[in-house]
Amino acid sequence: MSENGSKKNSFIVQAGILAAAGIISRIIGLLYRGPLHRVIGDLGLGYYQTAHNYYTIVLLISSYSIPSAISKVIAQKLGMREYRNAHRIFKCALWYVMAVGGGASLLLFFGAEIFLSPQEAAVLRAFAPIIFVYGILGVLRGYFQAHKSMIQTSVSQILEQIANAIVSIGAAYLLIQGTMGTMEMPELEADQISRATYGAVGSALGAGAGVLVALLFMIGVYGLNRKVIFRRIRADRHMNEDSYKLIMRNIVMVVTPFILSTAVYNLSGTVNNTIYTQVLPNLKELDKVTVSSRWGAFSGQAQTISNIPVAFATALAAAVIPSIAQLAAYGDEKGVRQKIALAVKSIMLISIPCAVGLLVLARPVTGLLFRNVQETEDLVTGLLMSLSLSVIFYAFSTLNSSILQGLGKVNRPIVNAAIALAVQTAAAVLLLLYTDLDLYSIAIANTLYSGVMCILNQWAVRRAAGYRQEIMKTFVVPALAAACMGAVAWASYEGLLMLTESSRISVVAAIGLAVCVYFAMLLLFRGISEEELRSFPKGHLMVRLAKKLRLMK
């Protein structure tokens, strides 16, 4: 484990490591979604996504925010070199998540049919044990993140997703083959429902296998670092030793706002799912099987793709919390503002071109990852284009929520998320009832939610830190560079498609060219300085390349 304060612990570098792992994990997740979709179909994907939304809410309430919350609490102690108290917090956190996670798992397992249909409830029960395991995994990840070391979390995320992909497809295939006797789609609707249910349950088992593999890896990492950890504890000369009662109370006081903020922030998907798959069919007398299949196309394909660029924001948010918490504890207001400025600019440099890329290459990207009939491909393409703007809003609002938490304003993101949720829910209901937009209503409501969160969080950060956002190099220049990139990406894809007649070859080549064009235009427009570029992972190599190409002096 690295010492605090070393250059290697630059939070942008650490966030880059975590973001790279997050993006790799999401790409793995996308790549296996195609084969999984072919095994379980739209209906199975619909059952999976519905159960997954409810599982996610319980996970958020019990365990999901643990890494960020624990990293904040431990980072404050590490900043004062109170290694003994930091480790006592770690032990208390483990007891906390085992108690809460165990209760949440039992609640989810035995209460599944209260909210869901029998098919979806069966999938939700397969998810239930994961919550207990995830809590322990979260504490271990948060412990290393507090040391400003994201490598352990990054590797565990990749291993988690690889195991998830392998077991999801394998378990889904074996369950369908074993119960139905064939992989062919049956003609009877009852048999189609059974087939989809078994396939979705197999997918849920894959998620559990992934979390278990990640946990075993993190336990191994902790074991390897155990001697260093206890050597620091023995060398700790601080006389004040926090009682376990005090530590547990502090954990609850810090973790609870984190949990509520994250839960409300992510409640949007579950609310949209409930409105579309349960409320709407009853009000408009729609076929529930068809509705679940269409929801699978939206949530399992379009929304999954749009969430990939947000991985960098999530990683940067995880990295920025301990950094800002320590600076705030020292009373370094200038340092806090500098961290915020660099984090926001880094987020925009990534999310703006990603949003443009998804807008102009929506159809070939969808075709690259999924095999759909023409009608479904048209639907997913349109939905992905509709969601492209939300990439920027979600990235910005996710980062600002973590900045507020790092500054100790832990309740503000909860209030902002609740306001945004009320606005998006009203919009979704009105659009679904009084227009023919169907799933596009959910896409619009989703973008509205992220936009409202973005505005409210930015206003709160400005008030909390006395921070004024720079506009030109943070937003305008990246947008201009991304516009040039988008034009080149679209033109190169269409040209290569005529030459190769292969959509997949053309889109991969177009994306590679687009990245080069964006990098070049960003430097030509003076959107990023040499110092800022060096702060990114492998930044010195990018600076050398830019100077060799005469894009930077």
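**A chat about contacts and cores**

Tutor: Let's start with N400: leaving out residues up to four places away in sequence, N400 touches N457, Q458 and V461. Keep in mind that this is a predicted model.

Student: OK, which helix is N400 in?

Tutor: N400 sits in helix α13, which covers residues 374-406.

Student: And is N400 buried or exposed?

Tutor: Buried, because its relative accessibility is 0%.

Student: Switching topic: which residues touch the most other members of the largest nonpolar core?

Tutor: Those are Y55, I74, F90, L124, F127 and I251, in a core of 71 residues. The largest share comes from α5, with 16 residues.

Student: What does L124 contact, leaving aside neighbours within four places in sequence?

Tutor: L124 is in contact with A51, Y54, Y55, L108, A112 and L116. Apart from that core there's another one, of 53 residues, including I305 and Y467.

Student: What about aromatics, how many pairs are there?

Tutor: The count is 11 aromatic pairs. One of them is Y143 with Y222, edge-to-face, with 6.3 Å centre to centre and 65° between the planes. Y143 is in helix α5 and Y222 in helix α7, so this pair ties together parts 79 residues apart in sequence.

Student: Last one: what lies over the face of Y244?

Tutor: That's R88, at 3.9 Å from the ring centre.

Note on methods. Residues numbered from 1 in each chain as written. Predicted model: local features only at pLDDT ≥ 70, side-chain atom pairs only at ≥ 80, totals over all residues. Heavy atoms only, no water. Core = buried A, V, L, I, M, F, W, Y, C linked by side-chain atoms within 4.5 Å. Buried < 20%, exposed > 50% of the residue type's maximum accessible area, 1.4 Å probe, protein only. Helix = DSSP H or I, 4+ residues; strand = E, 2+ residues; numbered from the N terminus. Contact = heavy atoms within 4.5 Å. Phe/Tyr/Trp six-rings, centres within 6.5 Å; stacked < 30°, edge-to-face > 60°. Lys NZ or Arg CZ within 6 Å of the ring centre and 35° of its normal.
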